[in-house]
Amino acid sequence: MEEVDVEPALTLVPGVAPGRGRLHFQWGPGEMLVCEAAFPGAGHGEKGPGCPYIHVLRKDQDIHLHTLRKLFNESHGIFVGLQRSDEELSGKSRKAQLVGVSKNYRSVIRACMEDMHQMAISTRDPALHNQYSTQVSILSAMELIWNLCEILFVEVAPAGHLLLHLLDWVRLHVCDVDNMVREVLSSENPSKHELFWNVVDIFVLQGRMEDARHLLSKEATANPTSKGMCKILDDLMKKMPILGLGNTQTLTEMELKWQHWHEECQRYLQDGTFASNPHMESICKILLGDENAILEKKELMTTWYHFLVTHLLYSHPAVKPVELRFYAQSSLDQFLGGENSPEPLDTILMAAFEFEIHQVIKECSIALSNWWFVAHLTDLLDHCKLLQSHNLYFGSNMREFLLLEYASGLFSHHSLWQLGVDYFDHCSEYGRVYLELHIERIPLTTEQKALKVLRICEQRQMHEQVRSICKIMAMKALRNNRLGSALSWSIRAKDAAFATLISDRFLKDYCERGSFSDLDLIDNLGPSMLLSDRLTFLGKYREFHRLYGEKRFSEAARLLLMLMTAHIAPCSFWMTLLTDALPLLEQKEVIFSAEQTYELMRCLEDLTAGKLDNQKLQDDDIETTKVEMLRLAFARNLARAIVKEGTLEGS
Amino acid sequence: MEDLCAKFVSQKLSKVRWRPAPATALQPPELFATGSWDNEENKVSIWSVGAVESVSPNGEYQGEPQLLCDIRHYGDVMDMQFLDQERIVAASSTGSVTIFRHHQSNQTLSVSQKWERAHCHVDSDTSACGGASCTGVICKNPEIVTVGEDGRINLFRADRKQAVRTIDNADSSTLHAATLLRTTEILTVNSIGQLKIWDFRQQRNEPSQIFSLTGDRVPLHCVDRHPNQQHIVATGGQDGMLSIWDVRQGSMPVSLLNAHDAEMWEVHFHPSNPDHLFTCSEDGSLWHWDTSVEVSEKTSFLHQGGRSTFLSHSAVNQPNVNQSVVSAWLSNDPTKDRMEITNVIPNPTLSVNSVDVLGPCLVCGTDAEAIYVKRQLFA
């Protein structure tokens with residue numbers, strides 16, 4: 001066993017006084033049942049348990065949040081799409097495809113976040129508002145982490161381009177300042193607004209040069225004295241070399257230009273061009289990458305990773321992925337200044353900057369209250385072929401382990417279980433076993449639901465589960481006296497034993513009532529009649545009745561005899577069959593030939609001989625009379641048959 | 001495909017239905033109802049789709065359906081039909097049948113009539129009554145017909161508390177769906193692949209006619225009747241096969257068409273454009289079957305060739321015209337080139353449980369908790 005990374009969280013079971021009650025628990029597939037146990041002797045022989053409640057503890061809390069269902073459903077579609085996607089695509093298009101998938105996941109998180117935000121605004125209940133707001137911040141943190149992972153692990157941007165992606169990342173996620181920008185821009189005279197320079201600073205810090213220059217021009221027109229300075233600063237911003245995404249210039253060219261520009265800024269700063277305006281002077285310092293000048297704007301950046309990116313932008317624009325970890329660590333230290341210890345989010349981002357994928361996933365698993373995030377992220381990274389080397393000391397691999405956990409959570413949900421199936425399908429090692437165990441535990445409330453579960457099992461050749469589901473449904477139908485339905489279910493499961501049982505019920509009903517129920521079913525058995533001997537007999541026996549009803553006596557007679565001689569009919573039913581022969585024997589014309597009559601007689605003797613040994617005493621009068629009547633009828637028929645056959649041969 | 005709009009609604013949908021348009025209206029439908037299943041709390045909800053051209057002030061295209069109101073429904077919604085403009089009849093897995101009224105003035109839903117245990121299993125020992133799923137309803141104001149897992153057929157009137165007519169044990173297996181054939185005749189499909197016609201004029205509790213797929217006993221899940229030609233019926237089965245029947249003749253389907261890979265849950269002829277048919281399935285696909293290509297050729301041929309003689313032979317010609325239109329669905333050899341089939345939903349994942357079409361609009365609901373609306377079916 002490895003050591004635990006964090007102390008496990010303590011869950012208090014309500015209603016159980018600490019120290020008094022003894023807890024008893026039982027593991028379930030996605031949850032745990034907890035109750036206060038009453039041990040014999042503990043309560044002076046009292047019978048009732050101390051606490052009348054059973055508590056359900058759930059592992060994956062977030063699965064049960066109604067508001068996240070949209071996230072689960074939409075991401076399920078993306079997940080399935082990713083598994084089906086073409087592995088064979090060559091390097092570049094495959095990468096574009098994976099980045100696309102990653103962006104889809106992020107847009108789903110964002111959509112969910114916006115919905116939740118709307119709900120937080122519209123609700124009047126403060127508790128609910130708090131709950132939604134917390135969810136919004138969790139989702140926004142997830143999206144932040146995902147986006148960074150996308151840039152570093154999926155996109156794998158090279159030096160130069162890397163910084164552009166990081167800038168976009170910061171612009172997208174540091175949105176606290178957006179309100180301030182809006183306020184200033186919408187004021188009557190922006191340059192006179194007290195937050196004017198803050199906004200300019202924000203634009204500069206985020207590398208949004210166009211926006212910053214636009215604001216500066218407003219200042220220039222409003223304040224003629226600083227026009228010259230504005231012009232120079234504007235010029236510097238305009239000239240700042242940037243490696244465009246579609247640009248073909250090489251890194252060395254870019255670095256040369258950068259050096260040039262840097263020296264120009266240095267010159268202006270040193271000859272005191274901006275000395276009269278502290279705002280512009282500090283901007284010039286920022287452009288030069290002066291760490292202290294940037295750190296002064298801490299309030300405007302709000303986070304250390306914003307600081308990191310700004311610092312990189314003005315000091316190391318061509319930063320390589322491998323160098324990131326050093327800058328990240330020093331930025332974190334400088335920004336927090338030893339005052340605050342890093343929060344979980346900081347640790348996760350730091351791990352990402354250090355390219356420690358496993359650390360990222362581990363920290364996320366600990367910090368987040370759901371498996372959704374780590375399961376999907378790990379799956380995506382696995383498709384990027386980044387996780388091959390890592391093996392767990394349990395289970396198969398990390399991707400599969402996390403997917404199994406997530407899907408198990410889905411299966412513990414009342415309605416989301418259907419989504420879990422596809423996740424299990426894509427876990428090559430244990431997915432099948434998990435699915436088998438979980439699918440058996442789905443409550444089959446209606447036939448329609450049973451059909452859906454059955455389809456899932458049939459598609460995966462899970463014969464054992466198919467049998468089990470059909471049996472459950474057949475039993476339910478049987479208990480409800482729906483013999484027809486019960487038979488259909490057992491035929492579908494090819495369950496011969498159960499079909500026999502139901503056929504017996506049909507025959508018993510017939511013996512009691514003298515007529516068949518559910519003729520529409522029995523008449524249409526078709527080839528499924530061959531499933532069990534008893535079912536065959538039921539079908540054939542019904543056919544006999546139909547032939548008899550249609551007055552096709554000789555065919556009926558032949559069938560009846562065959563049922564006994566071929567031993568299709570169960571022995572217990574022979575007497576009924578022989579009795580059925582009576583009306584045929586009493587017809588005007590001879591139906592049973594002499595030979596057939598001999599066989600009938602032998603059947604009767606077999607039957608009575610078998611009974612003689614043990615059951616004679618129990619035979620009541622009716623039975624004896626029946627046998628007597630049959631014997632008489634056979635004898636008379638035999639006589640008529642011999643005469644008729646003799647006559648026919650003679651003529 | 002561009003105008004296909006999806007909305008995730010956080011409940012698994014079992015039924016979607018357009019509100020019928022008033023007879024005089026020519027606009028496309030605006031409201032639809034959905035019913036959910038397999039949720040801890042199921043609902044019947046009313047949604048509105050904005051008009052096609054509606055654009056909100058900030059320039060955003062208001063394509064998404066908006067929830068107007070919803071109401072709790074006990075048990076899964078197994079089937080649902082509009083009785084009229086305001087009333088919806090919902091069948092529940094608990095065996096009850098409920099009429100909900102949609103108050104359009106204040107956008108609320110209320111229960112206006114409920115038949116508890118319209119379908120139930122009677123325990124032979126205790127004669128206690130346990131609810132059995134009601135699987136299908138037919139509405140023809142004011143009459144309502146329901147069928148269920150208990151094999152019973154009920155005939156209700158919206159204004160009466162008691163059932164007008166009940167046929168117990170009408171079927172020994174589960175009745176999956178029903179459709180109105182003629183004013184007093186209904187047609188049911190069951191789980192052993194049979195179609196049965198029931199005539200309410202007859203007092204006998206026996207079907208007046210039985211059709212079946214030979215031998216296979218493949219359960220049938222849905223049925224719909226051609227809106228103009230009452231003898232043409234389409235059914236969908238467990239194997240995803242689409243069968244077309246002519247109930248005037250023979251007891252076998254006229255044509256069997258390989259369609260979906262899993263259960264076909266619903267089949268609908270387009271109500272005003274019956275050359276088009278829509279089917280949806282457990283395999284997550286929703287198909288649009290179009291036979292109009294062939295029909296239009298034929299009718300135009302008839303019109304050109306027959307125009308000169310049309311007047312003189314009008315009496316003789318009339319049935320001929322009918323015959324040719326019929327053949328679109330009843331031709332014995334529906335080879336592929338005559339029928340155009342398109343899948344409406346891209347990247348299918350989970351089951352499409354229900355579809356409804358009205359005018360140029362289509363709506364469907366899935367187990368992936370999404371509603372899809374398409375507003376230009378024939379564009």
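The model is predicted, so local features need pLDDT of at least 70 and side-chain atom pairs count only at pLDDT 80 or more, while totals for chains, interfaces and linings use all residues. Residues are numbered from 1 along each chain as its sequence is written, chains are lettered from A in the order in which they are written, and side-chain values use heavy atoms, leaving out hydrogens and water.

**Exercise 1. Describe how helices α5 and α6 of chain A pack.**

Step 1: Two packed helices are described by the angle between their axes and the distance between the axes.

Step 2: Apply it. Helix α5(A), residues 178-186, packs against helix α6(A), residues 196-205, at about 125°, with the axes 10 Å apart. That angle makes the pair oblique (under 35 degrees is roughly parallel, over 145 roughly antiparallel, 65 to 115 roughly perpendicular, and the rest oblique).

Step 3: Find the residues in contact (heavy atoms within 4.5 Å). From α5(A), Met180(A), Val181(A) and Val184(A) meet Phe196(A), Asn198(A), Val199(A), Ile202(A) and Phe203(A) of α6(A).

Step 4: Sort them by class. The contact has 7 nonpolar, 1 polar and no charged residues (Ala, Val, Leu, Ile, Met, Phe, Trp, Tyr, Cys and Pro count as nonpolar, Asp, Glu, Lys and Arg as charged, the others, Gly among them, as polar).

**Exercise 2. Work out the surroundings of Arg399(A): is the residue buried or exposed, and which residues does Arg399(A) touch?**

Step 1: Arg399(A) lies in helix α18 of chain A, residues 398-411.

Step 2: Check accessibility. Arg399(A) has 11% relative accessibility and therefore counts as buried (buried is under 20% relative accessible area, exposed over 50%, partly exposed in between, with a 1.4 Å probe and protein chains only).

Step 3: List the neighbours. Leaving aside residues up to four places away in sequence, Arg399(A) touches Gln83(A), Thr378(A), Asp379(A), Asp382(A) and His426(A).

**Exercise 3. Look at the backbone: where do Lys385(A) and Asn347(B) sit, and what are their phi values?**

Step 1: Recall the background. Most residues other than glycine have a negative phi, and most peptide bonds are trans.

Step 2: Take Lys385(A). Its phi is positive, near 60°, in the loop between α17 and α18 of chain A; Lys385(A) is exposed at 54%.

Step 3: Take Asn347(B). Its phi is positive too, near 45°, in the loop between β27 and β28 of chain B, and Asn347(B) is exposed at 67%.

How values were computed
Axes are lines fitted to C-alpha atoms, for helices over the stretch in contact, and angles run from 0 to 180 degrees between N-to-C directions. Helices (H or I, at least four residues) and strands (E, at least two) are DSSP runs, numbered from the N terminus.
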